[in-house]
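I want to look up the aromatic rings and one of the pockets.

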Amino acid sequence: MIKKIFITLFVVGLLSPLLILAYFYLKYDYDISELVDYNPDQTSQIYDKNGEKIANIFAKQHRYYAPFEEIPPRVIEALVAIEDTTFFEHSGVNFDAIFRAIIKDIKAGKMVEGASTITQQLVKNRLLTREKKLSRKIKELIYSFKLEQALTKEEILERYLNEIYFGHGYYGIKTAADGYFHKKLADLTLKEMAILVGLPKAPSTYAPTRNYEISLGRANRVVTRMHKLGWIDDTTFEKALAERPVVYNDTLTQNRAPFVVDEIVRRFKKMGVDDLKTGGYTIHTTIDLQLQRVGREALHYAYEKALKRVEKYKQKEEKKAQKALLEGDESFVMQDVNVSQLNGALVSLDSKTGDVLALVGSVDYKKSSYNRATQGKRQPGSAFKPFIYQVAIDLGYSGATQLVDIAKTYEYEKDGEELKWRPKNYEKNYKGLITLREALIHSRNLATINLVNDIGLPLLVKELQKFHIKNIPHDLSISLGTMSMSPLELAQYYTAFSNYGVEMVPHIIASVEQGGNVIYEKQEQSYYITQPTQSFILTTILRDVVRRGTGRRAGVRGIELAGKTGTTNNNIDAWFAGYSPTIETVVWFGNDDNTPMYHKETGGRVAGPAFAYYFRNLLKLYPQVKRKFDVPEGIITIDIDGRKEYFSEISKPPRSEEVGDPQEQLLF
């Protein structure tokens, strides 16, 4: 009788857990669709044109997704060896392991061993809370049974290795491999695999960036377990034990070009894409990270030189103030110079394609993340003059055409009031007659205004519209570049010069992939502006601006450069927009609050050196870059008064009696 009672109690003891499981299994509906239809948030990655990582973009969890086929078999072996040796035999729950754990726990008087399978760990991480209740444990077991019925073992492993946290902010093994070792999964060593699969047990404790030696100890236990099971041989075992992998301690975003990243985010929003941070996009940009770095350095270089000039100026003013004080001169007032608002921007393009190679929106992103290169609207000043001169050249003017450089008073009405405008040259002198070439080289305001009058405002405005310039003023202020535009917009318009008469619309995104499919590829957009001969004639003038005009500080030995300075009234904005035979670059400096800069800060003085710094270092990075401008077919050269002048079928050479028997040469 006692024997029967004992057997009955034993059977009941065995059946009770199963009966409880059956009760809960039948009573509640357990939804496992979140794991069956697994679609976790995925990090988007941004790359430069050479395949270099620019940044990761993610919302809450930094995760790269790896399909099962991408996961090396050795990773699976290492994981199963340390976490769940009978994974391929059980159906979600390993009761033998549970009973062994219970016995060990009873003997120890505390929890010393867990018994969760890989399936249970996945369920616990994705579907359940971390509350320590019997009901949660029962749910975990039931979920695991159901999941094993709905998915294959391979599918469960794929979800596990993409879902589990690996420390340091890395979710998923592909993310961890890239973050800790800068490697693809296929390139991992056995020791590196062992480090990774050993992390889920206690990510904070075993993270190699925090506790390297502890992490190696955990990895060695993984390798030892694999050797004990006979899954690796002695040689592989000894080699893995001896290895000490290099571990990287990167930030999660790895953001190497924040202005570029911000601009891409802005453009995705503009396109209505709201899952950039969770959709797992791979974004290939046109950016060259090396030139991006040089662009940052160029701005900082010019900025520091400007601050030194201001400091020198302040020292002189202080000496004057001290002298005035000693002499009892109370009329002296020390001039205040605002430098706290000084900032700059730089954008560089491939002239032929419109690819944005570098985009820097301020001198220091940490101090100001506002992107002045794309969002800052400022007046270009004299940097706008080349567009007026291009129109003139397209109408038949040439560099040898004589312009009138004299003062004139213009009367106009504003708000019912009669006003007068008497513009001046920056040098505050007049040349009388001056060639079109010299007028642009030395940025003569009066000659430009008179040229606008010669062309006629209606015709000029009409011709300028083909450049797609926005908000063109319909008055003579157009001569001085009084409309507002961003450096990127000015860079687009300048491609009409740098690209031999064809304006290119800039783009920064080359292609976008998602789920292995290309969902976007750039399409070049261009506008025909003028013939190559006509744009080349302007280029020869802008080349002289750099050689002997207002842009001398922008010059660099060993490469032909063309460009134009721009300085607005009261030194509020300072520009240099220029180009080499293949690359165009625009630099802007000014105070963010639109107050005047130090009175000697002009486009040539502050922006020109940044431009030169950029191209000097570009030549170091890419010594093979094209260095001389091509001469289009149909260009005619004539020596006039010891200088070479350029003509075409549209901009015809002057008659021989006008220039005194010139030497003419047709270049092909």
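Predicted model: local features only at pLDDT ≥ 70, side-chain atom pairs only at ≥ 80, totals over all residues.

How many residues apart are Tyr494 and Phe497 in helix α19, and what separation is that in helical turns? I find them three residues apart in α19 (residues 487–498), about one helical turn. Helices here are DSSP runs of H or I with at least four residues, strands are E runs of at least two, and both are numbered from the N terminus.

Residues are numbered from 1 along each chain as its sequence is written, and side-chain values use heavy atoms, leaving out hydrogens and water.

Overall, I get 22 helices and 21 strands. Of the 668 residues, 51% are buried (under 20% relative accessible area with a 1.4 Å probe, protein chains only; exposed is over 50%, partly exposed in between).

Next, the rings. I have 21 aromatic pairs in the structure (Phe, Tyr or Trp rings, the six-membered one for Trp, with centres within 6.5 Å; planes under 30 degrees apart are stacked, over 60 edge-to-face, the rest tilted). Tyr38 and Tyr65 make a tilted pair, because their centres are 6.1 Å apart and their planes at 45°. Tyr38 is in the loop between α2 (33–36) and β1 (44–47), and Tyr65 in the loop between β3 (62–63) and α3 (73–83), so this pair ties together parts 27 residues apart in sequence. I also noted Tyr38 as buried, at 10% relative accessibility.

Back to Tyr494 and Phe497: their pair is edge-to-face, with 5.0 Å between centres and 80° between planes. Tyr494 is buried at 0%, and Phe497 is buried at 1%. Both belong to a cluster linked by ring pairs, along with Phe384, Phe387, Phe467 and Tyr493.

Last, the second largest pocket. I see 40 lining residues, with Lys424, Tyr426, Asn445, Thr567 and Asn569 nearest its centre (a pocket is an open set of 1 Å grid points over the protein atoms alone, where a 1.4 Å probe fits, with protein on both sides within 12 Å along at least five of seven lines; lining residues have an atom within 4 Å of a point). Which element gives the most to this lining? β16 does, with four residues.
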